[in-house]
Amino acid sequence: RARRGHPWIFRADLVEPPAADGGAVVRVLDPRGNFVGRAFWAARSPIALRLLTRRDQPTGRDFFFARLDEALARRAALAGAAEAIRLVHGEADLLPGLFVDRYADTVALQAVSEGAERLVPWVVDWLRARLAPRLVVAKNDTSARDFEQLPRAQAVLDGDGEAAVTYQEGENRFAINLLADLKTGAFLDQRFNHLHAGALMPAGGTALDAFSYHGGFALALAARATQVTAIEADETAAARLADNVAANRRAVEVVCDNAFDRLRALERDGARFDVVVLDPPAFAKRQGDLPAARRAYKELNLRALRLTRGGGILITCSCSGKLTAPLFAEVLSEAVVDAKRPVQLLERRGAGPDHPVLVGVPETEYLKVWVLRVLGDG
């Protein structure tokens, strides 16, 4: 696996573990003593080694500053006027387990491996030197840290002032709180898809956005729609969504409700929309979650297909890495059969280019965003 370019070496593959503390960079040899690379060593994780380099070179502060500089340079062409962007995307930027997001004059980072955890002081120094953000926070409250047996925590790492920040996305302004909201504050992997959805919205039409969170899709659609219904079950997120709607003066009805229940009710009422968006949370974080996740995704997509007006657009998403693209296709096909409506697949999209996929590492290609045209009257 390592020779083919995958950066992970599992504990079950080790002949002899290193005599090192968790998070240290160690030299990796094959059973014949041939050099494989230098890697982060994890003392407890099933992923024992995360390869950093296949050259036998020093991996101190200068090495990591260079890696961070390279990641930043790769975003230069992507950033443009973007006030919110991912600067470091873990394995895909050759910095395993490290994620860094910029929101205007603030930065939120996540370290989900022991090695990345050790890097945090250097990352803060690098951010101070390169970007001079007003505030840097650690959003290490993610479930991904459970896999490495790292404690969940969040903290201000540098700077001071409010964790509240606003940023522009397309025509809309969003408010977030880096320490109170999910992920690092927003779902930046969907940023380009929000804007694309807005371009697909027919002028004067109606739209439905299920699992709306802070309204990324809903507000993009509302720039052209006469009315958007945005469903969000979490009360805090729904309140933030309502504030964003008011600040941007958009025609969006915010519904704080369980999306499954609300979609069923809308179907019973005979509602139809020109554009429907499904962007649920990850239902399958572990392999054992897949059977239940497949049922959930099928039901959601079946309801959404029935709620889409003839000739309308369904944008359906899955961020479950365990539900691969072929499995997602199977689920959608089953929903289409049960809906008894012809459906065209227009596009297969994924995360934005600031969230690159590392070829040969399927774990980095987690987000699936498929654009469908639903034909017939339903």
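Student: Does Phe328 count as buried or exposed, and at what relative accessibility?

Tutor: This is a predicted model, in which local features need pLDDT of at least 70, side-chain atom pairs count only at pLDDT 80 or more, and totals for chains, interfaces and linings use all residues. Residues are numbered from 1 along each chain as its sequence is written, and side-chain values use heavy atoms, with hydrogens and water left out. Buried means under 20% relative accessible area, exposed over 50%, and partly exposed in between, with a 1.4 Å probe and protein chains only. Phe328, at 0% relative accessibility, therefore counts as buried.

Student: How are the rings of Phe328 and Trp370 paired?

Tutor: Rings of Phe, Tyr and Trp (its six-membered ring) pair if their centres lie within 6.5 Å; planes under 30 degrees apart count as stacked, over 60 as edge-to-face and the rest as tilted. Here the centres are 5.2 Å apart and the planes stand at 70°, so the pair of Phe328 and Trp370 is edge-to-face. This pair links distant parts of the chain, 42 residues apart, with Phe328 in helix α9 (residues 325-339) and Trp370 in strand β18 (residues 368-374); helices (H or I, at least four residues) and strands (E, at least two) are DSSP runs, numbered from the N terminus. Trp370 also counts as buried, because its relative accessibility is 6%.
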